[in-house]
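Open the model in your viewer and keep the sequence panel beside it. The tour below goes from one selection to the next and says what is there.

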Amino acid sequence: MPDPKLKSVRKTLQNSKANTRRRAVPVRTAYSQAEREEIFRRFSIQRPEPRGELAHTNPFTLVVAVALSAQATDAGVNKATRALFKVADTPQKMLALGEERLRDYIRTIGLYRNKAKNVMALSQMLVDEFGGEVPNKREELVRLPGVGRKTANVVLSMAFGQATMAVDTHIFRIANRIKLAPGKTPDEVEDRLMKVIPGHYLYHAHHWLILHGRYTCKARRPECERCVIADLCKSPEKSCDVPAPLVELPPQVIGEAVE
Ligand code: SF4
């Protein structure tokens, strides 16, 4: 029998997480509307159907993979979940597996003890409160243990086809580095990107920016000579202003992300 006091504390925390009010931020970008249109037009030619690189088989395994990916690489998570999702691809199967065996599957991932706790708790909540299904509303998703705004955005986009902007380390860096949507916090950057990216490109923009950051506009040394927006880019860090040839890139191989 769960302790009613603990239950009420958990409820209060969950409600405050869901109800956190976000102040609207003013639009700020170094690019004209025509330039932004052109940037995303080029990304759309390079990668017409960009996809996230976390391997998953359904909304539940996506939630678990994203929850495991905090401060870990997609490649590291994919390596661990390949075997895990064969035995536990629903909340019910995850509960049957149990926390101890789950830990064995994910012990190569950083913070795995805490993450295992969260995965068990979120599986329990999905069974108890959502009929075993992953909800498709942000305010319900963020009530799940270990699921914050960023994870909810990824799930809404990848599992339910909603245009969201989950600001990860790559997107935060690019938005500030090239002054597309500068901001001090991921929330500020998210709000600005949602305003400055042309609406018809918004759905794929999240993946275009992540992939651009992961493979070209890298953290340590951006590879500007391989960049298709080098002529438009307004970063003081850029080392070249001749754009790379605009061609469609080979299809992504999901499950083998490099970073
Ligand atoms: S030109 Fe360089 S700094 Fe600018 S977006 Fe491209 S890779 Fe990044």
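Start with Gln71, which sits in the loop between helix 3 and helix 4. Helices (H or I, at least four residues) and strands (E, at least two) are DSSP runs, numbered from the N terminus. Residues are numbered from 1 along each chain as its sequence is written. The model is predicted: local features need pLDDT of at least 70, side-chain atom pairs count only at pLDDT 80 or more, and totals for chains, interfaces and linings use all residues.

Stay on Gln71. Its phi is positive, about 55°, although Gln71 is not a glycine. Most residues other than glycine have a negative phi. Is Gln71 buried or exposed? Gln71 counts as exposed because it has 9 C-beta neighbours inside 10 Å. The cut-offs are these: a residue is buried if 20 or more other C-beta atoms lie within 10 Å of its own, exposed if 12 or fewer, and partly exposed in between, with C-beta atoms placed from the backbone.

**The whole chain**

Zoom out. The protein has 12 helices and zero strands. Of its 259 residues, 36% count as buried. Two residues are in contact if their C-beta atoms, placed from the backbone, lie within 7 Å. Among contacts between residues at least 6 apart in sequence, 61% join residues at least 24 apart.

**Helix 3 and what covers it**

Select residues 59-68, which form helix 3. Nine of the 10 residues are buried, so helix 3 is largely enclosed by the rest of the structure. The buried ones are Phe60, Thr61, Leu62, Val63, Val64, Ala65, Val66, Ala67 and Leu68. What covers the buried residues of helix 3? The cover includes helix 4 (74-87), helix 5 (91-97), helix 6 (99-106), helix 7 (112-130) and helix 9.

Two packed helices are described by the angle between their axes and the distance between the axes. Axes are lines fitted to C-alpha atoms, for helices over the stretch in contact, and angles run from 0 to 180 degrees between N-to-C directions. Helix 3 and helix 7 pack at about 155°, with their axes 10 Å apart. The two are therefore roughly antiparallel; angles under 35 degrees count as roughly parallel, over 145 as roughly antiparallel, 65 to 115 as roughly perpendicular and the rest as oblique. Their crossing is right-handed. A crossing is left-handed if the near helix is turned anticlockwise from the far one by less than a right angle, and right-handed if clockwise.

To see the contact, show Val63, Val64, Ala67 and Leu68 in helix 3, which meet Lys115, Asn118, Val119 and Leu122 in helix 7. By class, this contact has six nonpolar, one polar and one charged residues. Here Ala, Val, Leu, Ile, Met, Phe, Trp, Tyr, Cys and Pro count as nonpolar, Asp, Glu, Lys and Arg as charged, and the others, Gly among them, as polar.

**Leu111**

Leu111 has a positive phi of about 60° although it is not a glycine. With 13 C-beta neighbours inside 10 Å, Leu111 counts as partly exposed.

**Ala159**

Ala159 is found in helix 9 (residues 149-160). Which residues does Ala159 contact, leaving aside its neighbours within four places in sequence? They are Pro59, Leu62 and Val134. Draw a distance from Ala159 to Val134: the C-alpha atoms are 9.3 Å apart, and the residues are 25 apart in sequence. Ala159 counts as partly exposed, with 19 C-beta neighbours inside 10 Å.

**Helix 10 and helix 11**

Select residues 169-177 (helix 10) and 186-196 (helix 11), whose axes come within 10 Å and cross at roughly 70°. That makes helix 10 roughly perpendicular to helix 11. The crossing is left-handed. Ile171, Phe172 and Ala175 of helix 10 make the contact with Pro186, Val189 and Leu193 of helix 11. By class, the contact has six nonpolar, no polar and no charged residues.

Gly183 lies in the loop between helix 10 and helix 11. Not counting residues up to four places away in sequence, Gly183 touches Val25, Ala175, Glu188, Val189 and Arg192.

**The ligand**

Finish at the ligand, which 14 residues surround. A residue is near a molecule if its C-beta atom, placed from the backbone, lies within 6 Å of it. The closest are Cys217, Pro222, Cys224, Cys227 and Cys233. By class, the shell has eight nonpolar, two polar and four charged residues.
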